[in-house]
Amino acid sequence: MLPIVYHPIYSDFPLPDGHRYPLQKYRLLKEHIDKLGWPVTTFQPTHLEPENLKRFHDKDYVDALVSGSLPLVKMRRIGFPWSEALIQRSLTSLGGTTLTVDKAIEHGVAVHLTGGYHHSHKDFGSGFCLFNDLILASDHALSYPGIEKVLIVDCDVHHGDGTATLAQEREDIITLSVHCDKNFPSRKPDSDIDIPMPIGVESDTYLSEFVPVLTLAIAQHQPDMVIYDAGVDIHVDDELGYMNVCQHGIAERDKAVMEACHQHGVPIAAVIGGGYRTEQSALVPLHAELIKAAFNIYFPNWSKEL
Ligand SMILES: [Zn+2]
């Protein structure tokens, strides 16, 4: 069975009417998986103790955000109104991150039905990201004996700026970001490997530029673990992305990443990342491609039944 990590709290915190964060997509994706009866085992996380974040986040930032005393201007940069429910949701999803890493190491692959908070920096958050789960996942993986290097593959349409700065001085975390060069954030600090794509890039070009770089990165850096942000905001109809990648292109991308990890025997912990549509149910088949890719590569016999 494919391990997936999910908690109902992922779709449960207060947002003002008309807020563009797709809060319901997590629940809708889980319902889709359940309805189709896909052979998954669901693991429900408990919340992460905030102390664990202080290894790479600024201590005062963690304390202020958790306690609700972060200045309003800094909350606005994150993009959510502060609430106790928001903090519980965030800490639970971070608990889900470490659980996804545990399951990936145990089974070779695991998928987290949220995550990808790559705009969270050392002492501030932005773009709907409070704390950086990709760095947390890497740090957690590195606490395992035998895991000495982690590769973060960030395919969300937005550049992984927070991840890049948090991993800048570290040789045990390699960052790869493939993103739209004219999209948020305007300042894009260097990842170890950046693949900027132009506005309007089509599936074929996207894949022919990304896949060889990924293959080379794995061959060159020999990671012991891959953390994969499978954002679907690269889709042509996404409301915050400017690319022209189709659903088939997303499926091919997800399979290529899974295949590269499988071939090299590297465990992969995947998070669903960004994806923005007013009609949130339209995101479900796009995010479901990640689950299908995991079946396709790791459980080919079961994938015929999907
Ligand atoms: Zn994004």
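**Close-ups of a predicted model**

**View 1. Leu-130 and its contacts.** Setting aside neighbours within four places in sequence, Leu-130 touches Tyr-61, Leu-65, Ile-78, Phe-80, Leu-86, Ile-87, Ser-90, Ser-120 and Gly-125 (contact means heavy atoms within 4.5 Å). This is a predicted model, where local features need pLDDT of at least 70 and side-chain atom pairs count only at pLDDT 80 or more, while totals for chains, interfaces and linings use all residues. Residues are numbered from 1 along each chain as its sequence is written, and side-chain values use heavy atoms, with hydrogens and water left out. At 6% relative accessible area, Leu-130 is buried (under 20%; exposed is over 50%, partly exposed in between, with a 1.4 Å probe and protein chains only).

**View 2. Ser-83 in its loop.** Look for Ser-83 between helix H3 (72-78) and helix H4 (84-107). Ser-83 is buried too, with a relative accessible area of 14%. A polar atom of its side chain lies 3.0 Å from the backbone nitrogen of Leu-86.

**View 3. Helix H8 against helix H9.** The axes of H8 (residues 247-264) and H9 (residues 284-298) come within 8 Å and cross at roughly 35° (axes are lines fitted to C-alpha atoms, for helices over the stretch in contact, with angles from 0 to 180 degrees between N-to-C directions). Among the residues that meet here are Ile-250 and Met-258 of H8 and Leu-286 and Ile-297 of H9.

Definitions and conventions:
Helices (H or I, at least four residues) and strands (E, at least two) are DSSP runs, numbered from the N terminus. A polar contact is a pair of N or O atoms within 3.5 Å; within protein, one must be able to donate a hydrogen and the other to accept it, and residues adjacent in sequence count only if both atoms are side-chain atoms.
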